[in-house]
Amino acid sequence: QKNNPVSKEGTIMSMIQVEEALDTILSKIKFKGVEKVPLGQALGRVLAEDVVSRVNNPPLDNSAMDGYALIAEDIQSATPENPVKLDVVEEIAAGYTAKGVLKPGQAMRIMTGAPIPSGANAVLMQEDTQKDSNAILCLDKADVDENIRMAGEDVKIGEEVIKKGTTLSPAHIGMMAVVGRSQIAVGQRPIVSILSTGDEILELDETPEGPQIFNSNGHMLAAQIKSAGGIPVYLGIAKDTEKDLMEKFESALKADVVVSSGGVSVGDYDLVKSSLQKMGQDMLFWKVAMKPGKPLAFGRIGDTPIFGLPGNPVSSFVSFEQFVRPSLRKTMGCSDLSHKTVQAKLTRTIHKKPGRLHFLSSIVSWADGEYTVTPAGEQGSGILKSAANANGLLIFPLEAEEIKQGQEVAVQLLG
Ligand code: AMP
Ligand code: MG
């Protein structure tokens, strides 16, 4: 806190950098707790245990093909012109085991997934054989172990298959089914209340007149919270009075995390700061050296973290992605808190003033073995259209003034 003095009036005294703000915020965010869910509800949740296999997969050596189990040495000379004839002595379907032991000169018809009979050491695929009443003609040779999937080649007993902290994808769900897990320990989802502020802001079913606008931030934040794994609770719009703000913030505190938008700047009606300061002790108000999204309030009232995001829609959006999403991930025990970042080649030269890190709503694509990135149109803090067309945030570093076409830049991948 020593770096971020706040005057008695709650005015912002210093400018801090994005990483410092994020580190300070994350140091105050706690893991919410563990709950058990059925596998069918685990998609997108954060694993709260290391998943260890109690089975071998596959359980036994089995066939990777429909064909014939045999002894590779028996058919070393086989060609289409000089096939080798083997007696077919048994048929093994998936889920069954052979009754007998395979002997030299014999083959067993075998289906994909069926266990390799003892005595056999290869499977010749059906396409390389011809039926000849109770025998087959092998038209090709086979190597030892050909078309055999070994027991445990996917997973072995005791092997760790998914790490704690992983956000579960469809393939992870499949993997848990492979090892027979029907109940999974995951991080609890945080309940996040959303408060929009501003006398000019209307609900979507109202009719704007003159300077009035719809509450876009409230709905966008709800979607961001949901996509981060949180449970959004929409608390509507507070008027620009300390009384209304304090009342609404008071009810917002029932949640695990509170997010507001607007009212944190230096305007005469930016009363979020003073209201929060009257309610809690460790509220910090920062100018973060970033664009969009300079003003930011963060702190806790009791145990509840509160984020006062700026009101301009792109500022609110980007500030959420930089500070709130990583925090929500931390409450769920996620091991990757920040967005995945890639290096991408810039398609046109860009400029800015030094002193703030800029996030440019951008379009990233992958072609010919590399990422390229193009800013998605005009970049104003009120131009949400560009963010809506973007799939990444280009990071234009703090002190940089120009990045030339063809240079590599870091881009955060959204979604
Ligand atoms: P403020 O930070 O309250 O000064 O707001 C900055 C700008 O963002 C103003 O133009 C506001 O009208 C706009 N704004 C604030 N809250 C919202 C919201 N919930 N939805 C859309 N625009 C907003
Ligand atoms: Mg306002």
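The model is predicted: local features need pLDDT of at least 70, side-chain atom pairs count only at pLDDT 80 or more, and totals for chains, interfaces and linings use all residues. Residues are numbered from 1 along each chain as its sequence is written, and side-chain values use heavy atoms, with hydrogens and water left out.

**Ligand 1**

- Around ligand 1 there are 16 residues, of which Glu-200, Asn-215, Gly-263, Gly-311 and Asn-312 come nearest; a residue counts if one of its heavy atoms lies within 4 Å.
- Strand S14 (191-197), strand S16 (213-214) and helix H3 (216-227) each supply at least two residues of this shell. Helices (H or I, at least four residues) and strands (E, at least two) are DSSP runs, numbered from the N terminus.
- The side chain of Asn-215 places an N or O atom 2.8 Å from a nitrogen atom of ligand 1. A polar contact is a pair of N or O atoms within 3.5 Å; within protein, one must be able to donate a hydrogen and the other to accept it, and residues adjacent in sequence count only if both atoms are side-chain atoms.
- Polar backbone atoms also approach oxygen of ligand 1: one of Gly-263 at 2.9 Å and one of Asn-312 at 3.1 Å.
- Ligand 1 taken alone exposes 480 Å², and the protein buries 78% of that. Accessible areas come from the Shrake-Rupley method with a 1.4 Å probe; for residues, only the protein chains shown count as cover.

**Helix H2**

- In helix H2 (residues 170-178), the buried residues are Ile-173, Met-175 and Met-176. Buried means under 20% relative accessible area, exposed over 50%, partly exposed in between (1.4 Å probe, protein chains only).
- These residues lie on the same side of H2, because they cover an arc of only 160° around the axis; the arc is that of the directions from the helix axis to the C-beta atoms.
- Pro-170 and Ala-171, on the other side of H2, are exposed.
- Cover for the buried residues includes strand S3 (51-52), strand S12 (160-162) and strand S13 (183-187), where contact means heavy atoms within 4.5 Å.

**Cysteines**

- The whole structure has 0 disulfides, a disulfide being a pair of cysteine sulfur atoms within 2.5 Å.
- Cys-138 is buried at 0% relative accessibility, and Cys-334 is buried at 11%.

**Ala-94**

- Ala-94 sits in the loop between strand S6 (84-92) and strand S7 (106-110), and is partly exposed at 41% relative accessibility.
- Not counting residues up to four places away in sequence, Ala-94 touches Met-111, Thr-112, Gly-113 and Ala-114.

Terms used
Chains lettered and ligands numbered in written order.
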